[in-house]
Amino acid sequence: MVSLTATILKSSLFTQSTTHGFPTNPITRPVNPAPHTLTVTANVSRKPQNMIPKNPPARQNLYQPFRPPSSPVPPQFRSLDSAGKIEILAGRLALWFEYAPLISSLYAEGLTPPNIEELTGISSIEQNRLIVGTKVRDSIAQSLHEPELIAAFDTGGAELLYEIRLLSTTQRVAAATYIIDRSFDSKKAQDLARAIKDYPSRRGDVGWVDFDYNLPGDCLAFLYYRQSRENKNPSEQRTSMLQLALDAAESEKAKKKLEKELHGGGEEEEKVKVEEVKAVTIPVVRLKFGEVAGASSVVVLPVCKAEEGERNVVEAPREINAGGEFKVVEAERGWKRWVVLPSWKPVAAIGRGGVAVSFRDDRKVLPDGKEEPLLVVVDRERSAVEADDGYYLVAGESGLKLKKGSVLKEGSVGESLGMVLLVVRPPREDDDDWQTSHENWE
């Protein structure tokens, strides 16, 4: 803003003197002019607008200092030195899962298991049991919000939880609940864990299909049932093992099977189970990392989620063609989800109607489920139920399921959504033995 000041002579520039109406001196200089000040204000220029705000936001600090992982040692023991930790362990001055982390802490400080055993009286075996039991307890507590169940292991829980250490987290929760409900000791807990781990490998054994793998009690009952078959019929040992199996069983199907064994009908059952041992062979393949990229030929299939029901399976594109010099894939209609698989033999010859159905939990499909997702490749062109030993995709109340052809025929079901050609497991680094496995599947 600039202010300008100008002085203007307001007096008459031409003073006229008249005599009788005529001028006597027509032109003269001004006489005593009175100055007048005029102020003019104009916006000559603007200061450039400041691009930085008056109160700029605080700059984000991108530097993050190293934060070590939280110590497993309970807060009340973190200030203790080695002598204090040894005193707590020697006197068992806390719950077992509270002082167990002190053992690992002493290991980190240079003490060995024999040193700790000498100072505290806790043997090397018990030290390992306490450490492992604490980790199992923590995994259960993180996945299950039932304080009463967790509290049930506060006393003597290390021995029980140690026995189920080889189970998955889901299996640990189910096993821990069963152990508390049945008041198991460490020996029975060990038998339970062994039965759960052993059950999948017994596929095809007599009676295997009558027990439910997802129920820990059924797994234990099947273990006792197999042991009963090692004794003569009839015999006290066989009857005793069958009674143990009946007491352990959870599903109604397993209980009916065991009651029939206890009250006769065994010979008739043997004849029926001769055909049951003949397992159906369905390829179950573990996909390798980079296998699709290295394949000489591939198959592109639309994907449907099992929980979405049969409508998506019916509506998924059937015509999928690759044309042009670049082999551009074009489907008859748009679709959200697709998968590319190597041209394995079961799917290489698939024509119109191929589809992949995704299951979030393989335990709903396979008897030896690993709690991982999988894909089931189905040929919708082969929807007629013809093969007794084949498996077919059908719609159930809780989503899509796989049923054996003979079972569908018994229920007078002649049509399905398609025949199962292949089951694909996802790639996994820690399971090399399963990378290209083909297993018999009942």
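I first noted the rule: a charge sits over a ring if NZ of Lys or CZ of Arg is within 6 Å of the ring centre and within 35 degrees of the ring normal. The model is predicted, so local features need pLDDT of at least 70 and side-chain atom pairs 80 or more, while totals for chains, interfaces and linings use all residues. Residues are numbered from 1 along each chain as its sequence is written, and side-chain values use heavy atoms, with hydrogens and water left out.

**Charges over rings.** I found the charged end of R129 over the ring of Y162, 5.8 Å from its centre. I also found R137 over the face of F97, at 3.6 Å from the ring centre.

**Aromatic pairs.** Rings of Phe, Tyr and Trp (its six-membered ring) pair if their centres lie within 6.5 Å; planes under 30 degrees apart are stacked, over 60 edge-to-face, the rest tilted. My search of the whole structure gave eight aromatic pairs. Y199 and W208 are stacked, because their centres are 5.2 Å apart and their planes at 20 degrees. Buried means under 20% relative accessible area, exposed over 50%, partly exposed in between (1.4 Å probe, protein chains only). Y199 is buried at 2%, and W208 is buried at 4%. F211 and Y225 make a tilted pair, 5.9 Å centre to centre with 40 degrees between the planes. I looked up one cluster too: Y199, W208, F211, Y213, F222 and Y225.
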